[in-house]
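Here are my notes on how the two chains meet. Have a look at the model alongside them.

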Amino acid sequence: MKRILLIAVAVIAPTADASVCTHHPAGRHWYAELQKTYTTRAEHGAAINIETTTLTSGSPVSELVSHEMWYGVTGGCEYWVEVGVKDGVAHDSVNPVHHQVFWADNRANGGGYHEHYPAVGWSLGAYYQVKVVWAGNNSWNAYFGGVFLGTSTNNYYGGVHRCLLAGLEASRAAATDHVGGHMFGWARKARNDVWYQDWDGKSLWSDCPADIDVSSDNVTTEVLHGPN
Amino acid sequence: MARTEHITASLALALAMTSAVGCADETEPGSDTEATESVKPIGLTRTEIASSLQALALDTSKRWGVEVPATVRAVATADHQAAESVISGAIINDHSPVYVVQVTGGTFTALHHPPNVEAPRGTVLTITFDAATLRMTDVGIDEAAPELAQIDREVVDLQPMQLAP
């Protein structure tokens with residue numbers, strides 16, 4: 001009987017790795033992230049397949065939730081290109097815009113921080129590959145589901161360190177804010193322009209009540225107030 | 001040991017895992033449908049459009065941290081891509097007519113950012129709106145104001161309307 005119970009538990013919970021969510025410090029957003037900092041070997045890009053099952057900001061005029069990947073062009077992630085989906089990008093106070101595909105960059109040397117909302121359709125419950133890839137001339141191309149979104153220019157500062165992050169962000173974690181989803185197929189593009197299907201040595205990190213787990217078949221489940 | 005499977009393997013797996021995969025053949029930079037020659041929108045000369053743009057800009061300014069900005073100026077242009085090359089330096093695949101509104105007068109703070117990284121800040125907020133729908137297509141902050149006159153010579157001051165009864 002005990003043996004049967006153990007087998008049942010193993011089937012129900014095939015988790016290979018789980019984040020231990022940490023107490024959320026005041027003044028910071030909530031995250032549940034897969035993360036990896038490379039000192040080399042991810043110089044030319046990163047990609048991951050993202051399925052978003054739930055994405056709702058309870059107060060879309062002033063608060064946001066997102067499901068996305070950041071590609072830090074520096075090891076400390078000070079400057080980056082990001083691609084994903086977001087809820088809570090208010091068009092105005094009367095007509096909030098929901099479920100937007102977006103990409104953004106943060107650049108040094110007066111380049112500023114800029115978000116872009118291309119008219120690209122997508123659906124909950126489907127996988128899309130988000131990708132940032134070196135385009136030469138200090139630039140990076142951003143893709144969502146194979147669709148070219150745009151090029152971040154003047155956004156390379158030398159060096160080979162890169163900061164890779166993927167998961168959810170929420171500007172608050174009220175009971176009405178919901179994010180759920182999965183990710184798999186995380187990949188990095190090295191300086192030799194070959195894609196490698198790993199973020200080897202990756203770690204998981206989350207702020208309670210957000211959480212992220214990765215299963216034994218390398219699919220993550222990230223959630224903020226579910227469902228996922 | 002790092003596996004060296006090509007990224008296309010993950011796409012194949014995605015097809016196997018879900019019945020609805022939103023990934024088609026990859027489009028490439030510059031493959032946009034160039035097209036139809038667009039014309040500069042005339043909305044800045046119409047009170048209702050200018051008022052809507054002002055209201056949208058002030059709302060965005062408030063959410064990014066500045067409730068009462070000092071200046072709100074706008075231009076209209078026939079080409080979104082050309083406007084973005086001036087504002088953000090980004091290359092985008094869209095040549096639609098847009099309005100660009102620039103707000104100054106305080107410190108704006110980005111609404112999201114990676115963990116353990118300070119939110120970007122700047123003293124100039126620039127917002128781009130699709131001319132047909134007034135949907136916000138781009139928003140960003142800088143320390144130095146992108147020169148609106150490089151987008152169009154007719155720079156319109158929207159701020160006085162805030163004081164109108």
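1. What is the order of the strands in the open sheet of 12 strands? In this predicted model it runs 16(A)-2(A)-13(A)-4(A)-5(A)-8(A)-9(A)-5(B)-4(B)-3(B)-1(B)-6(B), with antiparallel pairing. Strand 16 (203–206) of chain A and strand 6 (156–157) of chain B are the edge strands, each pairing on one side only. Strands are DSSP E runs of at least two residues, helices H or I runs of at least four, numbered from the N terminus; pairing needs at least two DSSP bridges.

2. Inside chain B, strand 4 (121–130) and strand 5 pair antiparallel over six bridges, with Val139(B) of strand 5 as the bridge partner of Ile127(B).

3. Another cross-chain pairing: strand 12 (147–152) of chain A and strand 2 of chain B run antiparallel, joined by two bridges. Here Thr151(A) has Ile91(B) as its bridge partner.

4. On the contact itself (heavy atoms within 4.5 Å), chain B puts in 53 residues and chain A 66. We get zero salt bridges between them (Lys or Arg side-chain nitrogen within 4 Å of an Asp or Glu carboxyl oxygen).

5. Housekeeping: residues are numbered from 1 along each chain as written, and chains are lettered from A and ligands numbered from 1 in written order. Local features need pLDDT of at least 70, side-chain atom pairs 80 or more, while totals for chains, interfaces and linings use all residues, and side-chain values use heavy atoms, leaving out hydrogens and water.
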